[in-house]
Amino acid sequence: MRELFEAQAEAVDGGDQGRMIEAIGAIRNLPLRLHPQDGDETIALVMIQIRGDKANFRY
């Protein structure tokens, strides 16, 4: 999956709208879910970005 997130970062940094949409779409199509430690409802990710050891997400 590292390659998907690296491609997303490169597309965002490069400002290529078409590549950004494609890269973000590839990640959004993955079956990723967040499972909070407090047992609340599972969160289906809307958008996630990983760069190195940092991750950001919006839902």
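The questions below take the helix, then the strands.

Mentor: This is a predicted model, where local features need pLDDT of at least 70, side-chain atom pairs count only at pLDDT 80 or more, and totals for chains, interfaces and linings use all residues. Residues are numbered from 1 along each chain as its sequence is written, and side-chain values use heavy atoms, with hydrogens and water left out.

Trainee: How far apart are the end C-alpha atoms of helix α1?
Mentor: Helix α1 covers residues 2-14. Helices here are DSSP runs of H or I, at least four residues, and strands are runs of E, at least two, numbered from the N terminus. The expected span is 1.5 Å times one less than the number of residues. For 13 residues that predicts 18 Å, and the end C-alpha atoms agree, at 18 Å.

Trainee: Which residues of α1 are buried?
Mentor: Buried means under 20% relative accessible area, exposed over 50%, and partly exposed in between (1.4 Å probe, protein chains only). On α1, the buried set is F5, Q8, A9 and A11.

Trainee: Which residue of the β3 and β4 hairpin takes a positive phi?
Mentor: β3 (residues 47-51) and β4 (residues 54-58) pair antiparallel over five bridges; pairing needs at least two bridges found by DSSP. R51 stands opposite K54 in β4. Two residues lie between the strands, and the positive phi, near 65°, belongs to G52.

Trainee: How many residues of β4 are buried?
Mentor: β4 has five residues. The strand lies largely in the open, because its buried count is zero.
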